[in-house]
Amino acid sequence: MAQDMTEKELLKMELDQLKKEVKNERQMISKTGKELKDYIESMAAEDPLLKGVPEDKNPFKEKGGCIIS
């Protein structure tokens, strides 16, 4: 796609993107980092990657074995 565009079109796309980005509200990382840490810690009890999935609710557990005779 980008190969088919002229340099002027590419620069216009970049300018349009920068105009969108400049409208984003900026926040200090010291504030957002703390909020993110607090959110992660509050949700840790419900996180299946941390506490695991109960065997009865695990859709990927093996149903049975394979026997080759």
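Which residues make a nonpolar surface patch of about 410 Å²? Select Leu-36, Tyr-39, Ile-40 and Met-43, and show their side chains: these four residues make the patch. Keep in mind that the model is predicted.

Next, select residues 29-43. This stretch is helix H2, and Met-43 is found in it. Colour Met-43 on its own. Is Met-43 buried or exposed, or something in between? Its relative accessible area is 32%, so Met-43 counts as partly exposed.

Now select the whole protein and colour by secondary structure. There are three helices and zero strands. Read from the N terminus, the order of elements is α-α-α.

Zoom out and turn the model. Along the principal axes, the C-alpha atoms fill a box of roughly 70 × 45 × 15 Å. The radius of gyration is 25 Å, whereas a compact globule of 69 residues would have one near 11 Å.

Switch to a surface view. How many of the 69 residues count as buried? The share is 0%. The accessible surface comes to about 7300 Å², and carbon and sulfur atoms account for 60% of that surface.

The protein has 13 positive and 15 negative side chains. The centres of these two sets lie 5 Å apart.

Notes. Residues numbered from 1 in each chain as written. Predicted model: local features only at pLDDT ≥ 70, side-chain atom pairs only at ≥ 80, totals over all residues. Heavy atoms only, no water. Patch = residues over 30% accessible without salt bridge, like charges linked within 9 Å, V, L, I, M, F, W, Y side chains within 5 Å. Areas by Shrake-Rupley, 256 points an atom, 1.4 Å probe, with all protein chains shown as cover. Helix = DSSP H or I, 4+ residues; strand = E, 2+ residues; numbered from the N terminus. Buried < 20%, exposed > 50% of the residue type's maximum accessible area, 1.4 Å probe, protein only. Rg over C-alpha atoms; globule rule 2.2 N^0.38 Å. Lys, Arg positive; Asp, Glu negative; His and termini not counted. Charge placed at Lys NZ, Arg CZ, Asp CG, Glu CD.
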